[in-house]
Amino acid sequence: MTDDVWAYSSGIIHPTGEDDLGGYGVEAADGPVGTVDRHSHEVSDAYLVVDTGAWNSGKRVLVPVGTITRVDRENKTVHVDRTRDEIKATPEFHHEGPAVKAPAP
């Protein structure tokens, strides 16, 4: 894993516009957390916006790409090294204005 959680870790293929992660499921270390609503394509300032659905009051949260441990393209799933509670505690993402990065979960 990288020291910068806002950058892709070594070994994780950086997705491009043609390789969009939108719609992929997101799996935390202890279970599913939602679906990728969108993701940024910036190399050193990248994040996923995860729609957490009903288990987290339908909130969208910002998850740094440095937490990604694996992208399973066959099953359309992104695996992250955070727990459901850690992701639940991340700041809610709002479409208005720029994304605000808070301390990583």
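What we are looking at is a predicted model, in which local features need pLDDT of at least 70 and side-chain atom pairs count only at pLDDT 80 or more, while totals for chains, interfaces and linings use all residues. Residues are numbered from 1 along each chain as its sequence is written, and side-chain values use heavy atoms, with hydrogens and water left out.

Thr 77 lies in strand β6, and at 14% relative accessibility Thr 77 counts as buried, a word that here stands for under 20% relative accessible area, with exposed meaning over 50% and partly exposed in between, for a 1.4 Å probe and protein chains only. A polar atom of the Thr 77 side chain also lies 3.0 Å from the backbone oxygen of Asn 75.

Stepping back to the chain, its secondary structure comes to 1 helix and 6 strands, and along the sequence the order is β-β-β-β-β-β-α; helices (H or I, at least four residues) and strands (E, at least two) are DSSP runs, numbered from the N terminus. Of the 105 residues, 39% count as buried, and among contacts with a separation of 6 or more, 53% come from residues 24 or more positions apart.

Which residues have the most contacts inside the largest nonpolar core? They are Leu 48, Ile 68, Val 78 and Val 80, in a core of 19 residues, to which β1 (25-28), β2 (31-39), β3, β4, β5 and β6 each supply at least two residues. A second, separate core of 6 residues includes Val 5, Tyr 47, Val 49 and Leu 62. By nonpolar core I mean a set of buried Ala, Val, Leu, Ile, Met, Phe, Trp, Tyr and Cys residues joined through side-chain atoms within 4.5 Å. Val 78, again leaving aside neighbours within four places in sequence, is in contact with residues including Leu 21, Val 36, Leu 48 and Ile 68.

Finally, two loop residues deserve a look. Ser 57, in the loop between β3 (47-51) and β4 (60-64), has a positive phi near 60° although this residue is not glycine, and Ser 57 is exposed, with a relative accessible area of 63%. Lys 76, in the loop between β5 (68-72) and β6 (77-80), likewise has a positive phi, near 50°, in a residue other than glycine.

Conventions: Contact means heavy atoms within 4.5 Å. A polar contact is a pair of N or O atoms within 3.5 Å; within protein, one must be able to donate a hydrogen and the other to accept it, and residues adjacent in sequence count only if both atoms are side-chain atoms.
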